[in-house]
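Let's take a walk through this protein together. Have the sequence and the model open side by side as you read.

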Amino acid sequence: MAQAALFILLIRICFNGVYRVNAKNIFNSSFGTAIKPIIYQKENILEASRMLQKVEILCGDFEQTYKYVENNTLVFFDPPYKPVSKTSSFTSYSKFRFNDQEQIRLRDYCQKLHNIGCKWMLCNSDIPDENFLVSYMHLLLPVV
Ligand SMILES: C[S@@+](CC[C@H](N)C(=O)[O-])C[C@H]1O[C@@H](n2cnc3c(N)ncnc32)[C@H](O)[C@@H]1O
């Protein structure tokens with residue numbers, strides 16, 4: 001319980017509430033800029049707890065979800081976004097880098113889901129078509 005409370009405090013006072021680690025798996029989000037951050041709202045936490053009672057949370061690579069999907073499953077992806085510019089290149093929440101190869105692997109996984117009739121949603125940055133291969137949103141649109 002104390003650990004959960006400390007975790008909530010940590011992500012509420014760090015930059016954008018992002019939990020990020022470095023290559024050594026050590027937490028390294030920077031300080032947040034909010035002057036008076038709201039640390040928690042009791043009703044919100046209780047409601048989240050209620051909603052999560054029947055939820056199984058898995059931690060792993062997105063492709064590991066395949067054994068849980070059926071043709072009537074809706075899969076929502078919120079992956080690290082492809083950087084919109086060379087200076088906004090944050091894609092690393094963990095020691096594993098979510099680079100263009102990963103974006104392509106995710107695109108191929110979405111295609112695989114589509115092929116079995118599974119519905120999916122994904123958010124990502126809308127980047128100019130600097131490289132057609134990695135700008136996979138353009139490739140996906142015809143198949144959804
Ligand atoms: C934009 S954040 C999503 C944040 C999340 N929606 C939330 O509200 O906390 C991208 C997430 O993708 C996760 N991620 C990175 N590589 C992944 C992978 N190969 N498989 C599954 N998740 C991955 C990161 O750890 C990070 O939590």
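What follows goes from the overall fold to a few individual residues.

First, the ground rules. This is a predicted model, in which local features need pLDDT of at least 70 and side-chain atom pairs count only at pLDDT 80 or more, while totals for chains, interfaces and linings use all residues. Residues are numbered from 1 along each chain as its sequence is written, and side-chain values use heavy atoms, with hydrogens and water left out.

Start with the fold. There are four helices and two strands, and along the sequence they come in the order α-α-β-α-β-α. Helices here are DSSP runs of H or I with at least four residues, strands are runs of E with at least two, and both are numbered from the N terminus. Of the 144 residues, 23% are buried (under 20% relative accessible area; exposed is over 50%, partly exposed is in between, with a 1.4 Å probe and protein chains only). Take the contacts (heavy atoms within 4.5 Å) with a separation of 6 or more: 61% of them join residues 24 or more positions apart. The protein exposes about 11,100 Å², with carbon and sulfur atoms supplying 60% of that; these areas come from the Shrake-Rupley method with a 1.4 Å probe, and for residues only the protein chains shown count as cover.

N16 is exposed, at 65% relative accessible area, whereas N25 is partly exposed at 47%.

Move on to the loop between α2 (42-51) and β1 (74-77), where you'll find T73. A polar atom of the T73 side chain lies 2.7 Å from the backbone nitrogen of E70. Leaving aside residues up to four places away in sequence, T73 touches Y68, C118 and K119. V55 also lies in the loop between α2 and β1, and it counts as partly exposed at 44% relative accessibility.

What about the cysteines? The whole structure holds zero disulfides (pairs of cysteine sulfur atoms within 2.5 Å). For C110, the nearest cysteine sulfur is that of C118, 9.3 Å away. C110 is buried, with a relative accessible area of 0%, and C14 counts as buried too, at 7%.

Methods:
Polar contact = N/O pair within 3.5 Å; in protein donor to acceptor, adjacent residues only side chain to side chain.
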